[in-house]
Every structure is written in structure tokens, then in C-alpha cells.
Amino acid sequence: MGWNIISALVENKPGVLFRVSNMFRARNFNIESLSVGPTEDKDLSRITVTIESDENVTEQLVKQLRKLIDVVEVTRLATDQTVYRELALIKLKAADPTSRTEIVNLANNFGGKVVDTSKGSIMVEITDTPDKIDAFKGLVEHYGVIQLARTGVSALPRGAFND
Amino acid sequence: MVELSGSKALMQALEKEGVDIIFGMPGGANLPMYDELYSSNIRHILVRHEQSAAHMADGYGRIKRKPGVCFATSGPGATNLVTGIGTAYMDSAPVVAVTGQVPKAMIGRDAFQECDIVGICASITKYCFQPKSATEIPETIKKAFYLAESGRPGPVLVDIPKDVQQEVKDISFPEFVKIRGYSPHVDPDISKMGEAVELLLNAERPMIMAGGGVHISSAFPELQALAELLMIPVVTTFKGKGAFPENHPLALGPIGMHGHAEANKLIIESDVLLAIGARFSDRSVGKFDEFGQRMKIIHIDIDPAEIGKNKSVDVPLVGDVKASLRALIKMLMMRIAKKEQETAWFKHIKEVREYYQSSIKDASRDITARKSLKKLRELLPAESIVTTEVGQCQMWASLHFDIIQPGTFFSSTGLGTMGFGFPASIGAKAARPDVHVVDIAGDGSFNMTENSLAVSVQDNLPVIVFLMNNYSLGMVAQWQRLFYNRRYMGIDLKATPDFVKLAEAYGAQGIRAQSMDELDKAIKVALKSDVATVIDILIDPEEDVYPFVAPGTGLKDMIVAG
């Protein structure tokens with residue numbers, strides 16, 4: 001088993017995300033995260049999928065993605081040759097000044113920033129690798145997580161190649 | 001550019017694709033299409049249930065090797081197609097299904113006879129289209145046909161909202177279409193072929209497993225040439241049945257849950273297996289992990305996603321079966337003249353085959369399924385087309401009815417759809433009116449789509465229904481007999497109609513056969529008739545299908561007889 005990032009260029013049109021996610025369900029792939037957004041080509045979107053899987057399952061997932069008519073290109077991204085990031089918004093309970101200071105300091109340590117404060121809460125934004133976000137969450141959980149939203153991983157290979 | 005309504009554009013696009021026949025049923029949401037059919041030269045076959053329309057298109061498409069077309073209205077018309085579309089998908093059959101949809105403005109509002117057929121069919125089609133403007137229709141149809149028949153074929157759905165059918169627009173018809181994310185792997189993969197050649201030449205106990213891909217690619221001569229060149233025995237999957245003449249000395253017959261005993265026994269003993277256009281289904285190879293642990297596997301398939309899906313293989317050769325076999329034969333020809341026949345493997349094969357064939361015993365009863373099928377084979381010309389229903393009748397057909405001329409056997413092998421065989425035989429007859437078409441049937445399965453008798457009679461598509469009648473859901477009964485301690489539940493069909501009278505009620509011919517003599521006469525009468533004939537053959541409800549590889553077990557655990 002290993003952690004895998006798969007990047008797919010797909011046609012930018014209605015119904016494509018459904019076809020991709022429907023295939024995952026129909027073929028029993030248990031993916032960890034999925035993010036989708038526009039690319040440099042207005043006709044294409046990029047879907048980035050992460051999955052904890054062994055080699056056979058990962059290969060099958062890539063092949064089944066390629067088999068979809070709307071999927072133009074699929075690449076497995078090696079983590080050491082890839083920049084991959086996820087954005088998380090974490091809203092924490094922060095009633096007393098001590099916890100507020102601690103949360104702000106921790107956020108700074110993780111390169112995050114405070115994006116909203118209210119009387120009883122602080123919202124922190126962190127953009128990093130999923131394991132860093134997990135680590136931050138682990139450190140602040142005891143303050144009380146009110147809400148949490150993560151985007152799933154976006155990724156591009158390092159270097160000059162455009163694939 | 002020319003001003004046309006969406007439905008006129010549809011009909012012209014279908015004509016440009018060479019469509020000469022459509023199986024379908026009209027309804028509210030596809031009336032504009034039917035209005036255009038009125039003035040078209042395309043022949044329309046009116047079905048009595050949309051499921052049968054899809055099966056007919058499937059049967060037609062498998063034989064013509066180009067998409068069969070079916071029409072249905074929105075909502076229930078479309079959902080009735082689903083079983084037929086799923087059947088075509090699992091057997092990689094080219095079908096283009098065109099459904100009417102409620103007008104665009106009504107979509108998503110739970111309108112009368114609205115259903116999300118595009119969503120429903122997503123995982124049982126190669127692709128689903130829903131053109132949003134009449135201008136998109138010609139390109140959509142061209143893409144639908146291209147997808148359905150190229151690469152690994154399959155069904156494609158085109159769902160057209162009623163207002164799109166009706167609107168008049170400036171329409172142009174493209175000569176070519178390009179689909180950015182679709183390029184079938186047709187060329188043979190030469191890079192790994194040398195490895196395959198070495199494995200095959202050095203094998204001590206080689207075996208070929210021919211699958212449905214040999215049919216789809218029409219690679220019968222290539223398969224036979226390769227088998228004869230290397231003197232490799234050939235088993236088939238059930239879908240591959242008839243890819244290789246079953247009276248050929250190298251033919252061992254289908255493997256699998258109800259495969260030939262010698263085929264099941266010998267395939268797991270082979271040291272090099274050449275799998276051709278096959279997908280290692282559970283039904284063929286039993287337990288995935290157990291199958292082929294000690295053999296090297298070469299796998300030819302046009303669909304890269306089949307490589308390693310169920311079984312990891314040693315030499316994958318992605319490409320069209322026919323082209324790949326030609327390349328492989330060419331490379332082999334440079335290396336050898338002809339392999340000799342007197343190997344230890346061949347001696348062993350001969351012994352195993354003789355052992356199992358001498359162990360087959362017929363029941364004492366005068367008329368049995370096995371004897372009936374042997375009789376049918378004796379009287380039916382080799383070029384005749386045979387379809388089957390699903391259940392015991394299907395497995396008996398696999399076991400006891402040899403296909404002599406490759407490419408004449410069609411069955412719902414993947415989805416296992418009861419009710420497939422009869423409408424598929426009508427579709428086959430529409431594709432090949434010059435040959436006899438026989439549906440090898442059981443009472444339970446035929447019962448599901450028997451109303452297609454009306455179609456057969458009305459549209460003059462006479463087929464023979466070879467109905468082995470045991471007044472029960474025989475295969476389920478057999479499982480209950482074997483695995484559920486004879487606790488029979490839900491298998492008794494004693495109120496099954498009198499099939500002779502039923503046939504006559506539809507204006508067809510019905511003949512009952514209660515002895516081998518009567519059967520002999522009935523088949524001869526049927527072969528001379530120009531109307532659909534149901535031969536109602538009364539067999540013993542306790543006649544079981546053997547061999548049997550129980551689900552979840554391996555081929556080595558095959559139960560040879562009851």
C-alpha cells in the first residue's frame with residue numbers, strides 16, 4: 001500500500017465529474033480526495049485524485065480513468081517529483097486570550113494565517129501538504145474544532161515539462 | 001448547411017451511417033422521430049417491449065459487426081431498455097440506443113415520463129450523449145457510431161429532448177469526428193511480442209484460451225492458423241464459444257463454471273497460456289488468485305484496462321486481436337516450420353479427453369437435453385446462427401451443441417440476461433435472413449420475452465425456438481438441489497403456458513416433442529417452415545448440468561457428475 005497522486009486532464013463540460021466519480025463508485029475504488037478545477041487550456045479541467053492503494057489497484061484506477069471517453073490524459077505523479085498542496089480552513093473555539101495567542105502562534109509556525117476571528121472563534125487557513133495539515137489539526141484539536149473544510153490535493157510535476 | 005428539424009437531422013445522420021433497420025417502440029417523447037421514420041427508407045420493427053428492442057439491436061449488431069439501432073421513448077421506454085443495454089455492454093456488443101427525453105425546460109422537474117436515463121446508463125454504456133440543440137445531432141450520431149463500433153465495441157446512448165427533435169435549425173453533417181480522449185489501441189504491440197514467441201516456442205504444455213475478442217475481431221482464420229502452426233490445443237471462454245471449430249482435433253471446448261471437464265482439467269495444467277480477447281471472468285477461471293499460479297500468461301486484448309484487471313499476466317499484448325495474431329504468426333513463422341504432435345502433453349490430452357468423454361452417461365429417459373441438442377446439431381446446417389436463453393438451456397448448449405462454423409453462436413454470457421436469446425435471434429434473422437436462426441431456450445427464460453413472437457410473425461422474421469421445457473427455473477432448482485438441501489423455493493413454473501397453443505395464438509407454429517422421434521420430425525418441419533416455430537421439448541426437471549464449478553471455488557474443484 002502507498003499514497004498515490006493521479007492527475008487527469010478531462011474535457012471541461014457538464015457531466016464529466018459525474019462520469020469520473022461514478023466510475024470510482026461502480027468499480028469500488030475508495031479514493032481519499034478529489035479536486036477539480038480549470039487549467040491553462042479552457043477546454044480542459046484537471047482532476048487530481050489521491051488514493052491509498054497497492055500497485056495493482058493504482059494501475060487499474062489509471063487504466064479505468066483512461067478508458068473514460070471524456071478523460072484526455074492521465075498521469076501518475078511521483079510524490080518526490082511533484083509539488084502538491086491542499087488548502088484547509090479550520091474554525092477553532094478560542095474563548096480565552098491564552099488559547100487565542102497559542103493558536104495564532106501555531107498558525108504562524110505552520111505558515112498559516114488567521115482569516116477570521118469572532119468573540120469565541122478563530123479561523124485559520126493553511127496551504128500545505130496533507131500530512132502537514134493533519135499535523136496542525138492534531139496540535140489544535142484540543143481547543144475544539146467547530147468546522148473544518150479541506151479542498152483535496154492539487155498537484156503539478158516539478159520541472160519544465162507541461163504534462 | 002441546410003434547414004432541418006432535429007428529428008429529420010437524426011434520420012439523415014442514421015441513413016448516412018448505413019442504418020437500414022431500427023427496432024423500437026414509439027411514445028410521447030419520441031413522436032417527432034417516428035414522424036420522420038414515416039418518410040424514411042429505414043425499416044422499422046415494432047417491438048412489444050423495449051427490452052426486446054435492445055436485444056434485437058444487440059443480436060443484429062453482433063452479427064453485422066456494426067451498431068444495431070433501437071428507439072424508445074422517455075421514462076419507462078428508456079428504463080425498459082436498460083437490461084438490454086447492460087447486456088450489450090457486458091458482452092461488448094455494438095448498439096446505438098436513441099431515446100426521447102422530455103423537453104429541455106422540463107428536465108429536472110420530475111415531468112411525466114421523465115427519467116435521468118443518461119445518469120442511469122453511465123456505467124453500462126461506452127458513452128451517453130444528450131444533445132442540447134438540433135445542430136449537435138449529426139456530430140453526436142457520428143460519434144455514437146464511431147464509439148459503439150470501434151476499439152472494444154459497446155452500447156452508446158443518445159438521449160434527445162423533444163424540443164431538440166422539433167426545433168428547426170441550420171444543420172451541417174460532418175465527414176469526420178474526433179474525440180480527444182479516445183483513441184483505440186488497434187495496432188499490435190510488437191515490443192513485447194518477442195517474449196511471447198519465446199514463451200510459446202519453449203512451452204511444454206501450451207494452451208490457447210480464446211475469448212469473445214476473437215469473434216469481435218473476426219480473427220477465426222488467424223486463431224486456427226496459430227493453433228495449427230504450433231499445435232496448441234484451444235479452449236474457449238463461454239463468450240469465445242465457436243471462435244474455433246468445435247469439431248477440430250485441437251478443440252477442447254469452453255472452460256468455466258459449466259465448461260467441458262477436459263477443458264477445465266487441462267487448462268490449469270498448462271505451463272504457457274495464450275489468452276486472446278478474453279477478460280478472465282470469474283465465470284471462466286473460477287477463483288482469481290488460484291487460477292494460473294504456475295503458468296506463464298500471455299494476454300492479447302484491445303482494452304488496456306483488461307490487462308491485470310482480474311489476473312496479472314506475464315506478457316501483455318495490447319492491440320486488436322486479428323492484427324496481433326497476424327504479427328505473432330509472422331514472427332513465429334520465421335522461427336519454426338511446424339511443431340510435432342507426439343509430445344507428452346498431447347498424449348496426456350488424449351487420455352484426459354477420452355476419460356471424461358467416456359464418463360458422460362445419458363439418463364435412461366428417451367428424451368434428454370443432451371440428446372435433443374445432439375439431434376439439433378445433426379439436423380441443423382453448420383452455417384445456421386444459434387442464440388441461447390440463460391440458465392440450464394444455455395449451459396447445455398455450451399456443453400452439448402458444437403459450433404462448427406466460427407462466429408455463429410451468440411449468448412448473453414456476461415450479464416446472463418434471461419429473455420435475451422429470443423429477441424436476439426430475431427435481430428440475428430434481420431441481419432442474416434438467408435440462414436436458419438435457432439434460439440436454444442428454456443421455459444423460464446423464453447417466458448420473459450416470448451411476446452416477441454408477435455414481432456417474428458408480423459415482421460416475417462421466422463426463427464426456431466428450441467425450447468427445453470422442464471416447467472421450472474431449472475438452474476436455480478439445480479443450485480437448491482445441490483447447495484440448499486432441496487429446499488425448492490420460487491422455481492415451480494407449472495402454470496407456464498402451453499407453448500404450442502401460445503405459439504399458435506401469435507400466429508406462429510407450435511410443435512410438441514415428447515420423444516426423440518417426435519423431436520426429429522419437429523426439427524425437420526421447423527427447418528422447412530417460413531413462420532416462427534416453437535418446439536416444446538418436454539425434459540426431466542431433475543436433469544442437471546454437469547460439470548459444475550461451484551461459485552467461489554477454483555477449476556480444480558470441478559464437480560464432474562451428480
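Trainee: Among contacts in chain A between residues at least 6 apart in sequence, what share joins residues at least 24 apart?

Mentor: In this predicted model, that share is 72%. A pair counts as a contact when its C-beta atoms, placed from the backbone, lie within 7 Å.

Trainee: What are the elements of chain A, and in what order do they run from the N terminus?

Mentor: Chain A has four helices and eight strands, and from the N terminus they follow the order β-α-β-β-α-β-β-α-β-β-α-β. Its C-alpha atoms fill a box of roughly 55 × 35 × 35 Å along the principal axes, and 26% of its 163 residues are buried.

Trainee: Why are β2 and β4 of chain A called edge strands?

Mentor: Four strands of chain A form an open, antiparallel sheet in the order β2-β3-β1-β4. Pairing requires at least two bridges between strands, and β2 (33-38) and β4 each pair on one side only, so they are the edge strands. The twist from one strand to the next averages 20°.

Trainee: What makes β1 and β3 of chain A a pair of strands?

Mentor: Strand β1 (residues 2-11) and strand β3 (residues 44-53) of chain A are joined by 10 bridges and run antiparallel; the requirement is at least two bridges, so these strands count as paired. Within this pair, L9(A) stands opposite R46(A) in β3(A). Across β1, β3 and β4 of chain A lies α2(A), which runs at about 160° to β4(A).

Trainee: Which elements of chain A each supply at least two residues of the side that touches chain B?

Mentor: The contact takes 16 residues from chain A and 14 residues from chain B. On the side of chain A, α1 (16-26), α2 (55-67) and β4 (71-77) each supply at least two residues, and α2(A) gives the most, with seven. That side of chain A divides into five nonpolar, four polar and seven charged residues.

Trainee: With which residues is M209(B) in contact, leaving aside its neighbours within four places in sequence?

Mentor: M209(B) is in contact with V235(B), T237(B), I267(B), L273(B), L274(B), A275(B), I276(B) and A278(B). The criterion is a C-beta separation within 7 Å, so each of these residues has its C-beta atom within that distance of the one in M209(B).

Trainee: What are the domains of chain B, and how many residues of domain 1 are in contact with domain 3?

Mentor: Chain B is divided into domain 1 (2-171), domain 2 (190-357) and domain 3 (361-552). The C-alpha centres of domain 1 and domain 3 of chain B lie 30 Å apart, and 24 residues of domain 1 are in contact with 25 residues of domain 3. On the side of domain 1 of chain B that touches domain 3, the elements giving two or more residues are β2 (21-24), β3 (43-46), α3 (50-64) and α4. Of these, α3(B) gives the most, with 11 residues, and that side of domain 1 of chain B divides into 10 nonpolar, nine polar and five charged residues.

Terms used. Residues are numbered from 1 along each chain as its sequence is written. Chains are lettered from A and ligands numbered from 1 in the order in which they are written. This is a predicted model: local features need pLDDT of at least 70, side-chain atom pairs count only at pLDDT 80 or more; totals for chains, interfaces and linings use all residues. Two residues are in contact if their C-beta atoms, placed from the backbone, lie within 7 Å. Domain bounds come from an automatic or database domain assignment. Ala, Val, Leu, Ile, Met, Phe, Trp, Tyr, Cys and Pro count as nonpolar, Asp, Glu, Lys and Arg as charged, and the others, Gly among them, as polar. Axes are lines fitted to C-alpha atoms, for helices over the stretch in contact, and angles run from 0 to 180 degrees between N-to-C directions. A residue is buried if 20 or more other C-beta atoms lie within 10 Å of its own, exposed if 12 or fewer, and partly exposed in between; C-beta atoms are placed from the backbone.
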